[in-house]
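Please read the following briefing alongside the sequence and the coordinates. It is grouped by topic.

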Amino acid sequence: TIAASDQLQFLVSVSNSGEFQETQVPVTLVIQFSGGPIRKTQPIDVINPTETTTVTFTDFANITFGEPTTLKVSVKPVPGEENTSNNSVEYPVIFTLE
């Protein structure tokens, strides 16, 4: 359960488990609602091998309260990436008023 407010934000940690520096890697957050999804994408400017960085998603209007839904975060595969099984995660959520 997530308490929604005018300061609602999601912090997404992304790790570079590869051997190369990557640039402009898109990270997408999607919240599914019956009236249509909320979709936000932000790039990671630069992430070095073994580094973890945080992407912050803010400004969530039109949240539907009390409806079980899914929040999904995905990172677009980089050129040459072979293991993409760890590039996305889904969470079941319900938004409530704070």
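**Largest pocket**

- Strand E2 contributes the largest share of the lining of the largest pocket, 6 residues, where strands (E, at least two residues) are DSSP runs numbered from the N terminus, as are helices (H or I, at least four).
- This is a predicted model, in which local features need pLDDT of at least 70 and side-chain atom pairs count only at pLDDT 80 or more, while totals for chains, interfaces and linings use all residues. Residues are numbered from 1 along each chain as its sequence is written, and side-chain values use heavy atoms, with hydrogens and water left out.
- The lining of the largest pocket comprises 32 residues, of which Ser15, Ser17, Glu81, Asn86 and Asn87 lie nearest its centre; the elements that give two or more residues to this lining are E2, E3, strand E4 (38-47), strand E6 (69-75) and strand E7 (88-93).
- A pocket is an open set of points on a 1 Å grid over the protein atoms alone, where a 1.4 Å probe fits, with protein on both sides within 12 Å along at least five of seven lines, and lining residues have an atom within 4 Å of a point.
- The space in the largest pocket is about 710 Å³, a volume being the space filled by probe spheres set on grid points that are joined across faces, edges and corners.

**Nonpolar core**

- The largest nonpolar core holds 24 residues, and those with the most contacts inside it are Phe10, Val27, Ile31, Phe60 and Phe95; such a core is a set of buried Ala, Val, Leu, Ile, Met, Phe, Trp, Tyr and Cys residues joined through side-chain atoms within 4.5 Å.
- E3 gives the most to this core, with 4 residues.
- Leaving aside neighbours within four places in sequence, Phe60 is in contact (heavy atoms within 4.5 Å) with Leu8, Phe10, Leu29, Ile31, Ile38 and Lys40.

- Asn16 lies in the loop between strand E2 (10-15) and strand E3 (22-31) and is buried at a relative accessible area of 9%, where buried means under 20%, exposed over 50% and partly exposed in between (1.4 Å probe, protein chains only).
- The side chain of Asn16 has a polar atom 2.9 Å from the backbone oxygen of Phe20, and the side chain of Asn16 also reaches the backbone oxygen of Ile47 at 3.2 Å.
- Thr28, in strand E3, is likewise buried, at 15% relative accessibility.
- The side chains of Thr28 and Thr41 are joined by a polar contact of 3.0 Å, that is, a pair of N or O atoms within 3.5 Å, of which, within protein, one must be able to donate a hydrogen and the other to accept it, residues adjacent in sequence counting only if both atoms are side-chain atoms.
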